[in-house]
Amino acid sequence: MEKTAKFDFHCIPSPLLSWYGENKRDLPWRREPTPYRVWVSEIMLQQTRVEAVKEYYLRFMEQLPTVYDLATCEEEKLLKLWEGLGYYSRARNLQKAAQQIVREHDGVFPTTVESLKTLPGVGSYTAGAIASIAYGMPVAAVDGNVFRVCSRLEENGAVISDPKYRKYLEETLSGVYPPAGKACADFTQSLFELGALVCKPQNPDCARCPLKGICRAYQNGTQSEYPVLPRKAEKRQERVYVYLIETPEGFCIRRREEGVLRGMNEFPSAVITDGETPENILSEWGVTAFTEIRRQKFTHIFTHIRWEMLCVWVRTDFAPFDTYTLDEILDEISLPTAFKQCLRILGER
């Protein structure tokens, strides 16, 4: 691993904790940092902006306030609560972990990093966040914000996806934590907060940074060079037909059996090849008599795939899949954003 000269991380807790005390945001998961609440918030915040998570988190806690509620929640209700956050495997792993906690620990959260890491969907970062924020343990939680702050502080040229770099930061930061207690929770969150509010990916606000006096990137004007990111893979493009099949009983919905979003609800869809027409797919499903109402194009971008979608709205008396009224779809059925956007084809109804 490529590293610059040794940087002394012991000098960052004191100024960072003082800054955090004056500048921390009032976020709902910080008001009562129990292990359950911290865990749910950290899973929600993966790949998702803080502002986007707030309302989801409050609604989730209102509906599922305890690990027992989550463990016994019907999957469709859980997915509806998660609808719009994406990465739905996170929600399923949350429930699997809750069921494991109830089954193996009588509903009491594990209290060590190693036992936390046995839970589905919990890696070293989430385990460190729970341990430090909820339990006040001197354990680092290294996320993208922390990578960015630390790589700039010491001008570390390691690629942030390198597991050796993560391990190095986890061990190095854990070694400079305050003694066990609330200061540990605050130190973890101060690193998150600095990366979110000041040491931003673009145009960092270095003038406000409590660590600018010791930051090598600031001193050398190299902020834009850190952190070193892995090369992005080119997104695969897929063309997809999506069908709003309207019958007298409602619109067809089915579960995806393969590919991206497997296991999620969808308006029936098909990845298409050259020469395939919307009518061919409908015929394969047994829909031969129908009236086409409208077509509209949409785009949805996943982490590694770009969907170019043609949404086709048809009316027919034959329902090849289960049907739901529009109100049921809006209020009870979870639909990933990729498919939910297709409701715009209906216009005002």
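A charge is said to sit over a ring if NZ of Lys or CZ of Arg is within 6 Å of the ring centre and within 35 degrees of the ring normal. For a case of this, select Arg 59 and Tyr 56: the charged end of Arg 59 sits over the ring of Tyr 56, 5.0 Å from its centre.

Some notes on the model come next. This is a predicted model, in which local features need pLDDT of at least 70, side-chain atom pairs count only at pLDDT 80 or more, and totals for chains, interfaces and linings use all residues. Residues are numbered from 1 along each chain as its sequence is written, and side-chain values use heavy atoms, with hydrogens and water left out.

**The whole chain**

Show the protein chain as a cartoon: it has 15 helices and eight strands. Helices (H or I, at least four residues) and strands (E, at least two) are DSSP runs, numbered from the N terminus. The C-alpha trace spans about 75 × 50 × 35 Å along its principal axes. Of the 349 residues, 49% are buried; buried means under 20% relative accessible area, exposed over 50%, and partly exposed in between (1.4 Å probe, protein chains only). Contact means heavy atoms within 4.5 Å. Among contacts between residues at least 6 apart in sequence, 71% join residues at least 24 apart.

**Aromatic pairs**

The structure holds 14 aromatic pairs. Rings of Phe, Tyr and Trp (its six-membered ring) pair if their centres lie within 6.5 Å; planes under 30 degrees apart count as stacked, over 60 as edge-to-face and the rest as tilted. Select Trp 29 and Tyr 57, an edge-to-face pair with 5.3 Å centre to centre and 85° between the planes. Trp 29 lies in the loop between α1 (13-23) and α2 (35-45) and Tyr 57 in helix α3 (residues 50-63), so this pair ties together parts that are 28 residues apart in sequence. Trp 29 is buried at a relative accessible area of 7%, and Tyr 57 is buried at 0%.

Next, select Phe 60 and Trp 82. Their ring centres are 6.4 Å apart and their planes stand at 80°, so this pair is edge-to-face. The pair links distant parts of the chain, 22 residues apart: Phe 60 is in helix α3 and Trp 82 in helix α5 (residues 75-82). Phe 60 counts as buried at 0% relative accessibility, and Trp 82 counts as buried at 0%.

**Helix α5**

Stay with α5 and colour its residues by accessibility. Six of its eight residues are buried, so α5 is largely enclosed by the rest of the structure. The buried residues are Glu 76, Leu 78, Leu 79, Lys 80, Leu 81 and Trp 82. Just after α5, look at Gly 84, which takes a positive phi of about 100°.

**An exposed loop residue**

Move to Val 108, in the loop between α6 (89-105) and α7 (113-116). Val 108 counts as exposed at 54% relative accessibility.

Select Glu 238 in strand β1 (residues 236-247). Glu 238 is buried, with a relative accessible area of 16%. Not counting residues up to four places away in sequence, Glu 238 touches Val 271, Ile 305, Arg 306, Trp 307 and Glu 308.

Finish with Tyr 241, Tyr 243, Trp 285 and Phe 321, which form one aromatic cluster.
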